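Colleague: I am new to this structure and would like to learn how to read its features one at a time. Could we begin with a pair of strands and work outwards from there?

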Amino acid sequence: MPDLLLELFSEEIPARMQRKAADELKSLVTNALVDSGLPYEGAKAFATPRRLALHVAGVPAGSAAKREERKGPRVGAPEKAVEGFLRGAGLASIEDATIRNDPKKGDFYVAVIEKPGRSAIDIIAEFMPGILRGFPWPKSMRWGTTPTRWVRPLHSIVATFGPETEEPDVVPFEFDGIVSGQTTRGHRFLADEAFDVRRFDDYATGLEKHKVVLDSDRRKEIILNDAKDRALALGLDLVEDPGLLEEVAGLVEWPVVLTGSFDEAFLEIPDECIQLTIRVNQKCFVLKNPTTGRLANRFVLVSNIQADDGGKLIVAGNEKVIRARLADARFFWDTDLKSSLSDNLPRLDDVKFHEKLGSVGARVKRLVSLSAELAPIVGADALKARRAAELAKADLVSNMVFEFPELQGLMGRYYATAQGEDASVAIAIEEHYKPQGPSDNVPTDPVAVSVALAEKLDLLAGFWAIDEKPTGSKDPYALRRAALGVIRIVLDNSHRIRLDDAVRSALGLIDVDVADEDALVGDLLSFFGDRLKVHLKDEGARHDLIDAVFALDGQDDLLMVVKRVEALGSFVSSDDGANLLAGYKRAVNILKAEEKKDGVPVTGRPHSDHFQEQAEIDLAAAIDAARAEAAGAVAGENFEGAMEALSKLRAPVDRFFEDILVNAEEPALRMNRLQLLAEIRDATHVVADFSRVAG
């Protein structure tokens, strides 16, 4: 079957846009093919700095003919209805329609629309200009006098179509003055001549001969392997950086890996500052000494050309720029060290955190109070927690963080260590932002835990107080991440924290009027519940079991919620649990039906003098014993024991439903037995709301 080859050749496409643009091209073209009746076997998109390319394999030579019948109005219908039918069906007159008979509705018109098959080349030529005209670049530009918009000036379009055994045809179309053809160009500097291509195989091979590696993943592989080899030859290790690798692969068509060096004196700067300076300014990789684990004074750069001098001038140019940028970084470092973090605190009053929540300085004061309150709960020294919270944001106004905002927290730790702060205080300054994602580490030092919790609780309480909650997919203040951070910190460190109390404490420190504090706290705790469901579901917990536990009042101790869910999961997966759940649901269904029929809920305890059967007597006694035992186990936080207590209800519940007619004719007896069913429901609710459990 024929293959389609497309190439859009332009000036340099920004590296950050290439992969997504290639995926968009593939999606738009293949969707258009399928919509046009041209299913395909496979497709792959490619991107280099100067081109987007697409290969679609196994495309039919043409679309199949179609026959469609469209039902119209009844015979004798109003003229306007008939006219609308003719217009929609594309018929010239009603005589072109056929008449069918429906035994119930009578005669009605039917339009038989024959759609002949079309050549695939004609179809592709028809939809391609529209795809290019509406291509979703994040940013695009115009050039010259044409209305063309593209990410960068577009020079040529390759579009060929045909089977492997024949000479392919050019798909003829024009995009604002650029006519499709089969000619492309090689590397801008190493092989900048035009050459013709027929299909994908000779296209990819031709590009390789003209110093262009088409596949970005292959360019990444070349860069990574060559960089590791260069590092190994120097006795060093490459510091891998997937994000930088992706970017660099989008900057070169013919990657050539070289190494350079810088003055060892710059190694006095923290490694992270060196790496960021080199990464941000020159897109280079750093190397580290495997013995010390510290950075070496060498770096890896990726050139887009093979220089006659082996790259000496290229390396020298990069070394010159890196030397200047590292000199700036050392100046920032030395300047920051001349003052203490405490000296920075007054400047935080001039940094706005949020228009309605005040300055960063005001927020620091809240964090100090909240961290001290949380400290004894998580086993931290309150004075150290206060000090860490006081200094946690001080590096925001440092020179280094102003230059590299991503170093906030980390630089605070370096400065705190340099000025002799306690080790736990320094660690907390760095880690109070953590975890910042699902793969990020969770703080474990108690001082860091107290400040990290305060940071996130203040954030959540503050934005809830000003009604800036996440909506749909929008979460500009990363509040979902903050809630998940609280959950992970609490669970990973096995801390017992009453979220209701903690949220109210955080809320009390915020200078915002709250109309209904109870409603706000309830809503925020519900938000935590939703986040916990996400967290537990990712770890394999059943969603219905989480709902069953959260349906009970006062479930704000995350650690106990998780333990209760785990115990409930083990219980309902056992035979006793599954059978008791079935009995519970049977009891609840009967209660619902009878309550609906009577119009009043079943309340009150059953009377023992109304029991007539041994199964009733045994069930009542079993419920009283199981409820007391389960309540005692829950009070002692022994949820497995609570489930075991409930499991003792299985046999008497089963026997009750086998031996007893609930809807007895005598009203008092019927009500007594319904009250006994309600006792089953209430007894299980000591542990969880079994109505939420599936099964």
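Predicted model: local features only at pLDDT ≥ 70, side-chain atom pairs only at ≥ 80, totals over all residues.

Colleague: How many bridges join strand 14 to strand 16, and in what direction do they run?

Modeller: As a general idea, strands of a sheet pair through backbone hydrogen bonds, either parallel or antiparallel. Here strand 14 and strand 16 (residues 295–303) run antiparallel and are joined by six bridges; two strands count as paired if DSSP finds at least two bridges between them. Helices (H or I, at least four residues) and strands (E, at least two) are DSSP runs, numbered from the N terminus.

Colleague: What is the order of the strands in the open sheet, and which are the edge strands?

Modeller: The open sheet has four strands in the order 13-15-16-14, with antiparallel pairing. Strand 13 (237–238) and strand 14 (256–261) are the edge strands, each pairing on one side only.

Colleague: Which strands does helix 5 lie across?

Modeller: Helix 5 (residues 216–233) lies across strand 13, strand 14, strand 15 (285–288) and strand 16, and runs at about 35° to strand 14. Helix 8 (residues 312–337) also packs on the sheet, touching strand 14 and strand 16, and its direction makes about 130° with that of strand 16. Contact means heavy atoms within 4.5 Å, whereas the angles, from 0 to 180 degrees, are taken between N-to-C directions of lines fitted to C-alpha atoms, for helices over the stretch in contact.

Colleague: Which residues of helix 4 are buried, and why do they line one face of the helix?

Modeller: Buried means under 20% relative accessible area, exposed over 50%, and partly exposed in between, with a 1.4 Å probe and protein chains only. In helix 4 (residues 200–209), the buried residues are Phe200, Asp202, Tyr203, Gly206 and Leu207. Seen down the axis of helix 4, these residues fall within an arc of 165°, and so they line one face of the helix; the arc is that of the directions from the helix axis to the C-beta atoms. They pack against several strands, including strand 1 (3–10), strand 2 (42–48) and strand 3 (51–57), while the face turned away from the buried side carries the exposed residues Asp201 and Lys209.

Colleague: How many salt bridges does the count come to, and what does the one between arginine 51 and glutamate 253 tie together?

Modeller: A salt bridge is a side-chain nitrogen of Lys or Arg within 4 Å of a carboxyl oxygen of Asp or Glu, and by this rule the count comes to 55. The side chains of arginine 51 and glutamate 253 meet in one of them, at 3.3 Å from N to O. Arginine 51 lies in strand 3 and glutamate 253 in the loop between helix 6 (242–249) and strand 14, so the pair ties together parts that are 202 residues apart in sequence.

Colleague: Are these two partners buried or exposed?

Modeller: Arginine 51 counts as buried at 0% relative accessibility, and glutamate 253 counts as buried at 2%.

Definitions and conventions. Residues numbered from 1 in each chain as written. Heavy atoms only, no water.
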